[in-house]
Amino acid sequence: MATAEKKRAKSHLSGWFFGLLGVCALVFAVFHFGDLASFGAMLRRAQPLWLVAAAALQAVTYTSVSLGWKLVLDKAGSPLPLSRLVPVALSKLFADAMIPAAGMGGNILLVDRLVKLGVPRGAAVAALLVSMIGYYVAFAFFALVMLLLLWLHGKATPLLAGVVTTFLLVALAIPSLALWLRRRGSHPLSPFLEHLLVVRSLLHVVGEAPAKLLADKALILGVGGCNAAIFLVDAATLQACLFALGHPTGYSTSFIAMLGASILAALAPIPMGLGSFEAGSTGMLSLLGVPVPAALAGTLLLRGFTLWLPLLPGIILMRGSSRHRRHHRQTPPPKAE
């Protein structure tokens with residue numbers, strides 16, 4: 001057990017190392033070949049109103065993901081108000097970033113937090129699985145849209161088509177795996193599958209979800225729409241960041257860059273997509289005519305709004321939840337009269 005934990009820790013640290021290395025290489029390349037003075041000047045001249053707009057757009061994404069969970073919980077007969085679900089979304093982002101676990105770290109936290117809010121475990125697991133299926137359905141659909149837009153721009157190279165195809169296989173495999181494991185129930189798996197981290201993570205929760213919720217196509221479509229809104233708003237956030245830097249771009253350009261970067265980050269085994277997302281977004285924007293210094297600055301601003309800024313409330317919420325659990329464990333039960 002100790003050896004396995006050391007291997008996981010080593011893998012996690014190596015992921016961070018290569019991610020940071022990727023960021024350093026990207027920044028070095030821009031500083032070496034780009035105009036360092038103009039890069040710094042763009043950041044200093046960023047227009048505050050566009051930055052406020054970017055922050056407001058990101059608030060919409062947390063409402064959208066929480067609304068997707070709410071649809072499932074309402075259908076399961078365990079409704080919760082959005083005001084109680086949005087903090088869970090922030091905590092989940094922090095857990096996803098700090099404990100990737102093949103993408104399952106935040107998902108396990110989601111089930112735990114919903115149960116603590118009084119949701120039956122089966123309904124909480126259903127919220128997780130339906131949300132996961134809706135997310136990958138929306139992601140796969142927009143990946144195809146991105147490829148179509150690249151073709152319209154005359155930039156759909158065989159390499160990009162191959163990357164999108166690879167991602168589509170992954171995007172279809174994960175929800176299909178969850179549904180397949182749900183149908184198998186308690187039947188044993190092959191030793192090879194049981195050793196896959198994502199399979200082990202899913203096995204811990206997938207069997208507890210009510211089958212009727214996972215088969216509700218209208219529900220999956222509604223949750224998929226909530227997740228689709230997140231991708232659209234993230235693209236608008238990137239566009240607002242570029243406007244703030246004085247480099248207005250069309251929405252399709254921002255959409256292609258954001259989706260391309262998200263695909264690259266999803267395929268790269270690096271925590272938070274560190275380095276891979278930045279390189280993908282900067283490369284796509286540059287491919288579509290945005291100057292490299294502006295592309296990097298806009299991407300870093302986007303990451304600030306989508307990743308780094310929300311980590312602070314995520315840490316606070318996680319610590320508050322941990323203190324509550326410790327207090328609950330330390331409080332002695334009342335004595336019987």
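## Helix α13

In helix α13, the buried residues are S276, F277, E278, G280, S281, T282, M284 and L285. Buried means under 20% relative accessible area, with a 1.4 Å probe and protein chains only. Helices are DSSP runs of H or I with at least four residues, and strands are runs of E with at least two, numbered from the N terminus.

This is a predicted model: local features need pLDDT of at least 70, side-chain atom pairs count only at pLDDT 80 or more, and totals for chains, interfaces and linings use all residues. Residues are numbered from 1 along each chain as its sequence is written, and side-chain values use heavy atoms, leaving out hydrogens and water.

Helix α13 covers residues 276-287. The expected span is 1.5 Å times one less than the number of residues. For these 12 residues that gives 16 Å, and the end C-alpha atoms are 16 Å apart, so the two agree. After α13 comes G289, with a positive phi near 105°.

## The whole protein

The protein has 14 helices and 0 strands. Of its 337 residues, 45% are buried. Contact means heavy atoms within 4.5 Å. Among contacts with a separation of 6 or more, 73% join residues 24 or more positions apart.

## The nonpolar core

A nonpolar core is a set of buried Ala, Val, Leu, Ile, Met, Phe, Trp, Tyr and Cys residues joined through side-chain atoms within 4.5 Å. The largest one has 74 residues. L73, L114, M146 and L259 have the most contacts inside it. Helix α6 (residues 121-152) gives the largest share of this core, 19 residues.

L114 touches L73, L80, L85, V119, A124 and A127, leaving aside residues up to four places away in sequence. L85 lies in helix α4, residues 82-98. L85 has 0% relative accessibility, so L85 counts as buried. L85 and Y62 are 23 residues apart in sequence, and their C-alpha atoms are 9.0 Å apart.

## Aromatic rings

A search of the whole structure finds 10 aromatic pairs. Rings of Phe, Tyr and Trp (its six-membered ring) pair if their centres lie within 6.5 Å; planes under 30 degrees apart are stacked, over 60 edge-to-face, and the rest tilted. F141 and F142 have ring centres 5.5 Å apart and planes at 55°, so this pair is tilted. F142 has 8% relative accessibility, so F142 counts as buried.

One aromatic cluster is formed by Y135, Y136, F139, F141, F142, F167, F231, Y251 and F255.

Terms used: Buried means under 20% relative accessible area, exposed over 50%, partly exposed in between (1.4 Å probe, protein chains only).
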